[in-house]
Amino acid sequence: MQRLWEYLDEELPPAETECMRHHLAKCPMCGPHAAFEQRLLDRIAAMKPRCADTAAVRRRIIATLAFQSVLPDWKDA
Amino acid sequence: MPDSTLAPVGADFESTTLPHLDSVARFALSLARERADADDLVQETYLRAFRGWTTFRPGSDARRWLFAICRNAFLRMRERRGTLVETDDGDIDANPAVLTHAQAIRDGLGDLFELIDVRPAIDRAIAALPEPHHSILVLIDLEDHSYEEAAALLDVPVGTVRSRLFRARRMIQEALIAYAEDAGLGRRLPRESRADSVTL
């Protein structure tokens, strides 16, 4: 199972990747299982957050640092 | 790009850290899941970074440094709110919850991902993951870091990243099984057979 996830994560060395690819292509149990696990990983990856509004965060950071007088010369552009 | 002309220390801090703001903000959002919390986390990260600026080694990886600060700030935030759940690594292979495709078919869950919208369950399962598994899963599955990069960011061996990541995924699988069964899919298995379940 661990090796399968390493394969799906593209973390296996090339030779092992090739071995795994051949095995999954032929094995009637492991092939569908790999596809099933890949669907899980795809669903998890789909939970990636959309880009944050960093302009607003940037303004907050600069304002906070300036307010605390840790960086008094900073000005928001 | 710098926002303004700064005093020497501020200018160094700005030119070194602000180019990573987008990455840090995204990482914070992956960790916190809520936009307001993420914004607070980014702000806290940069405040801590500025206060600890003298500990930064010039030429070292500023992004990695900021991520470490961000993660520590997140853990502190969870701790303050009483939502920090930690677990030991345990034996990954002792967890019977892993769902193989054959088992899924047997349990009536072969088409799990096609039959129901699993996004709410995955979202809650990620948020409910205990540390350190939560941070590992966020870095690799949501932030697309390699095992080696995640190991460097969290200062743990690659083998530890690997085992924690797989355990985290198993916990998510377990949460999905419960979610599917609650939605009327599959057959309900005895709860005692499920280690490391994540409550949704």
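Predicted model: local features only at pLDDT ≥ 70, side-chain atom pairs only at ≥ 80, totals over all residues.
Q: What percentage of the residues in chain B is buried?
A: The accessible surface of chain B comes to about 9000 Å², with 48% of that area belonging to carbon and sulfur atoms. Chain B has 200 residues, and the buried ones make up 54%.

Q: How many helices does chain B have?
A: Read from the N terminus, the elements of chain B run α-α-α-α-α-α-α-α-α-α. There are 0 strands in chain B, and the number of helices is 10.

Q: How many helices does chain A have?
A: Along the sequence, chain A follows the pattern α-α-α-α. Chain A contains 0 strands, and its helices number 4.

Q: Which residues of chain A are in contact with Ile172(B), leaving aside its neighbours within four places in sequence?
A: Ile172(B) belongs to the largest nonpolar core, which holds 79 residues, and is one of the four that touch the most other members, with Val42(B), Tyr46(B) and Leu176(B). Within chain B, Ile172(B) is in contact with Ala125(B), Ile126(B), Leu129(B) and Leu137(B), setting aside neighbours within four places in sequence. From chain A, the contacts on that basis are Leu40(A) and Ile44(A).

Q: Is H3(B) roughly perpendicular or oblique to H4(B)?
A: Helix H3 (residues 35-51) and helix H4 (residues 62-81) of chain B pack with their axes 9 Å apart, at an angle of about 125 degrees. That angle makes H3(B) oblique to H4(B). The contact includes Leu41(B), Thr45(B) and Tyr46(B) of H3(B), and Trp65(B), Ile69(B) and Phe74(B) of H4(B) among others. The crossing of H3(B) past H4(B) is right-handed, and the term for the angle is oblique.

Q: Is Glu10(A) buried or exposed?
A: Glu10(A) sits in the loop between helix H1 (2-8) and helix H2 (14-26) of chain A. Its phi is near 60 degrees, a positive value in a residue other than glycine. Most residues other than glycine have a negative phi. The relative accessibility of Glu10(A) is 70%, and the cut-off for the exposed class is over 50%, so Glu10(A) counts as exposed.

Q: What is the value of omega for the peptide bond from Glu131(B) to Pro132(B)?
A: Pro132(B) lies in the loop between helix H7 (119-128) and H8 of chain B. Most peptide bonds are trans. The bond from Glu131(B) to Pro132(B) is cis, with omega near 5 degrees.

Q: How far apart in space are Arg59(A) and Leu12(A), C-alpha to C-alpha?
A: Arg59(A) is in helix H4 (residues 54-67) of chain A. With a relative accessible area of 44%, Arg59(A) is partly exposed. Arg59(A) and Leu12(A) are 47 residues apart in sequence, and their C-alpha distance in space is 43 Å.

Note on methods. Residues numbered from 1 in each chain as written. Chains lettered and ligands numbered in written order. Heavy atoms only, no water. Core = buried A, V, L, I, M, F, W, Y, C linked by side-chain atoms within 4.5 Å. Buried < 20%, exposed > 50% of the residue type's maximum accessible area, 1.4 Å probe, protein only. Contact = heavy atoms within 4.5 Å. Helix = DSSP H or I, 4+ residues; strand = E, 2+ residues; numbered from the N terminus. Axes fitted to C-alpha atoms, helices over the stretch in contact; angles between N-to-C directions. Parallel < 35°, antiparallel > 145°, perpendicular 65-115°, else oblique. Left-handed = near helix turned anticlockwise from the far one by under 90°. Areas by Shrake-Rupley, 256 points an atom, 1.4 Å probe, with all protein chains shown as cover.
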